[in-house]
Amino acid sequence: MDVIALDDPAQGEIRRWHAVLAAAHAADLRDEPAPDPEQTAARLRAPGRRLWAAVEGGDMVGVAELRLPGGPGADRPAEIDIQVRPDRRRRGVGTRLLTVAAEGMRADGRTSVIAQVMAGTPAIPFLESHGFECVLTLRGLLLRLDDVPARRVEKLVASGPAGYRLVRWRGTAPDEHALALARAKHAMADMSAYEGLPWDADRVREMAELVAKRGDDLYTVAAVQGDGIAGFTEVVVSAETPERAAQYDTAVVPEHRGRRIGIWVKAAMLQWLRRERPEVREIETDNSGDNVHMLAVNEELGFRRQRESREYQAAAADLPSI
């Protein structure tokens with residue numbers, strides 16, 4: 001078996017890569033939406049990542065995608081996803097891919113790596129056997145917009161707290177809100193075991209630019225008091241599957257909590273999407289299992305629990321070496 005780097009994957013290699021993802025999905029996640037070939041191609045061609053494929057007898061039997069956010073040497077964890085065809089598992093394919101990827105992350109100056117996997121899949125024992133530790137449990141929720149009456153949404157939007165106003169934008173944050181949004185994103189620090197890195201206006205813009213490069217649309221609604229953001233919510237609508245949008249970050253700054261700002265901005269987002277993007281029928285999200293406040297907000301709005309995923313983290317120095 002050989003592990004080869006795919007710095008600029010050709011169309012045929014992308015198809016073979018997607019076939020590995022599809023086979024793993026059919027075995028492990030058959031109740032989840034199947035991976036989309038166009039989304040796979042767009043992701044593999046996006047900047048800020050390295051790719052490796054395990055090839056055996058001319059067949060691609062496993063793949064590893066290493067995302068390196070922030071550019072070389074950035075003080076941020078690498079992110080890894082390893083998939084192995086079910087008929088080639090437990091033969092060392094995943095370990096070989098992890099070993100090569102670990103060399104790549106160390107060469108880039110990364111000190112740690114994270115992986116997000118679904119609970120109950122073979123990825124859990126694989127990661128734990130290589131020293132990864134679970135740092136976060138995420139509850140997957142789904143909201144069907146048809147289940148939320150428009151009148152109820154309007155009532156929630158109209159009942160916003162006094163002293164605040166709603167602002168919204170599509171894509172990159174306007175200059176007058178970029179720094180305030182970065183400050184508000186620090187409110188998420190108490191919801192993540194590994195995300196303690198500072199947000200600034202440049203990082204806020206970088207995230208929005210990455211979404212745009214995929215061809216997707218980022219929508220943001222924020223509650224503003226004075227020149228500061230008290231709370232916000234973000235939703236991304238995929239170009240390939242616009243009927244199911246993805247909830248990104250939602251947070252309320254600690255000193256503004258207890259005023260129903262979270263459900264206010266989320267209801268305003270639903271109202272906006274219904275008007276601007278009527279093709280959106282569902283919104284999916286993940287919440288930290290111990291973030292009881294946001295879980296309660298989402299469930300009050302109508303989100304229903306669908307799945308559980310976990311975030312695992314490991315020090316790059318502890319991973320296998322070539």
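Biologist: How does the radius of gyration of the chain relate to that of a compact globule with 322 residues?

Modeller: The two agree, because a compact globule of 322 residues would have a radius of gyration near 20 Å and the chain has 20 Å. The radius is taken over C-alpha atoms, and the globule rule is 2.2 Å times the number of residues to the power 0.38. Please note that this is a predicted model, in which local features need pLDDT of at least 70 and side-chain atom pairs count only at pLDDT 80 or more, while totals for chains, interfaces and linings use all residues. Residues are numbered from 1 along each chain as its sequence is written, and side-chain values use heavy atoms, with hydrogens and water left out.

Biologist: What box do the C-alpha atoms fill?

Modeller: Along the principal axes, the box is roughly 65 × 35 × 35 Å.

Biologist: And how many helices and strands are there?

Modeller: The chain has nine helices and 12 strands. These are DSSP runs numbered from the N terminus, with helices being H or I of at least four residues and strands E of at least two.

Biologist: What percentage of the residues count as buried?

Modeller: Of the 322 residues, 48% are buried. Buried means under 20% relative accessible area, exposed means over 50%, and partly exposed lies in between, with a 1.4 Å probe and protein chains only.

Biologist: What share of the contacts is between residues 24 or more positions apart?

Modeller: Such pairs make up 71% of the contacts with a separation of 6 or more. A contact means heavy atoms within 4.5 Å.

Biologist: Turning to E65, where does it lie, and is it buried or exposed?

Modeller: E65 lies in strand β3, residues 59–67. E65 counts as buried because its relative accessible area is 0%.

Biologist: Which side chains make polar contacts with that of E65?

Modeller: The side chain of E65 has a polar contact of 2.9 Å with that of R43 and another of 3.2 Å with that of R67. A polar contact is a pair of N or O atoms within 3.5 Å; within protein, one must be able to donate a hydrogen and the other to accept it, and residues adjacent in sequence count only if both atoms are side-chain atoms. Leaving aside neighbours within four places in sequence, E65 is in contact with residues including W17, L44, E79 and D81.

Biologist: What about R277 — where is it placed?

Modeller: R277 is in the loop between α8 and β11 (282–288). With a relative accessible area of 12%, R277 is buried.

Biologist: Which side chains does R277 meet through polar contacts?

Modeller: The side chain of R277 makes polar contacts with the side chains of Y219, at 3.0 Å, and E279, at 2.7 Å. Not counting residues up to four places away in sequence, R277 also touches other residues, among them R170, D217 and W272.

Biologist: Another loop residue, then: where is S238?

Modeller: S238 is found in the loop between β9 (228–237) and β10 (244–252). S238 is buried, because its relative accessible area is 7%.

Biologist: What do the polar atoms of its side chain meet?

Modeller: The side chain of S238 makes a polar contact of 2.9 Å with the side chain of Q39. A polar atom of the S238 side chain also lies 3.1 Å from the backbone nitrogen of E240. Beyond four places in sequence, S238 touches Q39 and D216.

Biologist: Which residues of helix α6 are buried, and what covers them?

Modeller: In α6 (residues 175–185), the buried residues are H177, A178, A180, L181, A182, A184 and K185. Their cover includes β7 (165–170), α7 (201–213), β8 (217–225), β9 and β10.

Biologist: What does A201 touch?

Modeller: A201, which is in helix α7, touches A178, L179 and A182, not counting residues up to four places away in sequence. A201 is buried, with a relative accessible area of 16%.

Biologist: Lastly, what is the phi of R90, and what is that of R260?

Modeller: R90 has a positive phi near 60 degrees, although R90 is not a glycine. R260, also a residue other than glycine, has a positive phi of about 65 degrees.
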